[in-house]
Amino acid sequence: MSETRVAQAAFATPHQDLHSEQGALRGEHPGRSRNPVIKVADLAWLEFEKPDLDRAEVFARDFGFGVAARTESELWLRGTFAGPPCMAIRRGRTCRFIGPAFRAAERADLDRLARATGAAVREADVPGGGKVVDLLDPSGFPVRVVHCAGQLPELPGQRPLLLNTGTDHRRVNAAQRPPREPSRIQRLGHVVVETRVFARALDWYLDTLGMIVSDFLFLDGQRGRGPTMAFIRCDLGSVPADHHTLAMHLGPGNGYVHSAYQVTDLDAIAAGGEYLAERGYRRSWGIGRHIQGSQLFDYWRDPDHFMLEHFADGDLFSCDVEPGWAPMSASGLAQWGPPATRDFLGASPSPARVREVLHALRGDNGLDVERLLGLMKAMNS
């Protein structure tokens, strides 16, 4: 056994190979805070700004959202599950991601958060009302923590298909004909962001919002410098939570990468994808199954070039599962499916991207030439 393998065996955390080939080495990031201010319960919704709400609504319905509320200046989208809306789109002059809103477990958490951060508790501008605390994370994203007064009622959803597997015959004298229709969104699952200040942003979400890491990714030959991507979940104690509610990775920009929305099953993903393709929308990558999180996935671009994901069958972890560690690579993104596209990886050069890289290399952040070359190698490996 190599010295590296011996060290890993001696100092591995008790994640017991549940979801990753490696655990943490001694002295590496623990993936959680010892004394967080609060522990958020979930993502509530994501906020965007777009100039054309009519076009945004057409895509939203084709992608599988329902409309919770619509005014001249705002569009609130929802899934079929009871709870808060999935997305708020506000009319603005440009297309941009504003930031995420997380759901507080209790109303008192907002008071605790406000005292710790110096922020104020105010009325939330959400259908049904509620309270909110507005924060700013180290990347510059506005982050809202909300406690909603009410919740949207459950809507009819797509039923999962009965599958015959091996000798387990659940469907007899009946054919399978899933309709080619929009994949009915059930709920918001996660958001992925890129940040130039990865280490500071990671610690902020763990210390302030009480989130915990499911998996770390590191660059080849640079593990000693720490991780460059983290899949982060909510800490619900013994109650299983999504493998990641937030994922972030080091990069030259601070920005939105994609957001993911749960649907019923693989047939809902595939039939909904055919529906989108027939209407001229562009698939970014899919269909496949991820490694970190295990989700079945399919990625699409909306008319404003934002990436959105349909997913099903994701991992659920309770708080006692320790972080896994794995090398970062394009080939390590999926168990099966087509190779990750340049569009999905953000690997297509553009003048704006070049400016981001030059700005990042001159700034006080986590990106330097070694890190940049390591990221480029990972995206081509």
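**The paired strands**

Mentor: Strand β7 (residues 130–136) and strand β8 (residues 142–148) run antiparallel and are joined by seven bridges. Here strands (E, at least two residues) and helices (H or I, at least four residues) are DSSP runs, numbered from the N terminus, and two strands pair if DSSP finds at least two bridges between them. Before we go on, this is a predicted model: local features need pLDDT of at least 70, side-chain atom pairs count only at pLDDT 80 or more, and totals for chains, interfaces and linings use all residues. Residues are numbered from 1 along each chain as its sequence is written, and side-chain values use heavy atoms, with hydrogens and water left out.

Back to the strands: Leu-135 has Val-143 in β8 as its bridge partner. Five residues lie between β7 and β8 in their hairpin, and Gly-140 in the turn has a positive phi of about 100°. On β7 there is also a pairing with strand β6 (residues 121–123), again antiparallel, through three bridges. Val-121 is bridged to Val-133 in β7. This hairpin has six residues between β6 and β7, with Gly-128 in the turn at a positive phi of about 95°.

Now for the cores. A nonpolar core is a set of buried Ala, Val, Leu, Ile, Met, Phe, Trp, Tyr and Cys residues joined through side-chain atoms within 4.5 Å; buried means under 20% relative accessible area, exposed over 50%, and partly exposed in between (1.4 Å probe, protein chains only). The largest core has 76 residues, of which Phe-65 and Tyr-261 touch the most other members. Helix α4 supplies its largest share, seven residues. Apart from this core lies another, of ten residues, including Val-132 and Val-146 as well as Trp-45 and Ala-101.

Helix α4 (residues 198–209) has twelve residues and spans 16 Å from its first C-alpha to its last, close to the 16 Å expected at 1.5 Å a residue (the expected span is 1.5 Å times one less than the number of residues). Among its buried residues are Phe-198, Trp-204 and Tyr-205. Just after α4, Gly-210 takes a positive phi of about 70°.
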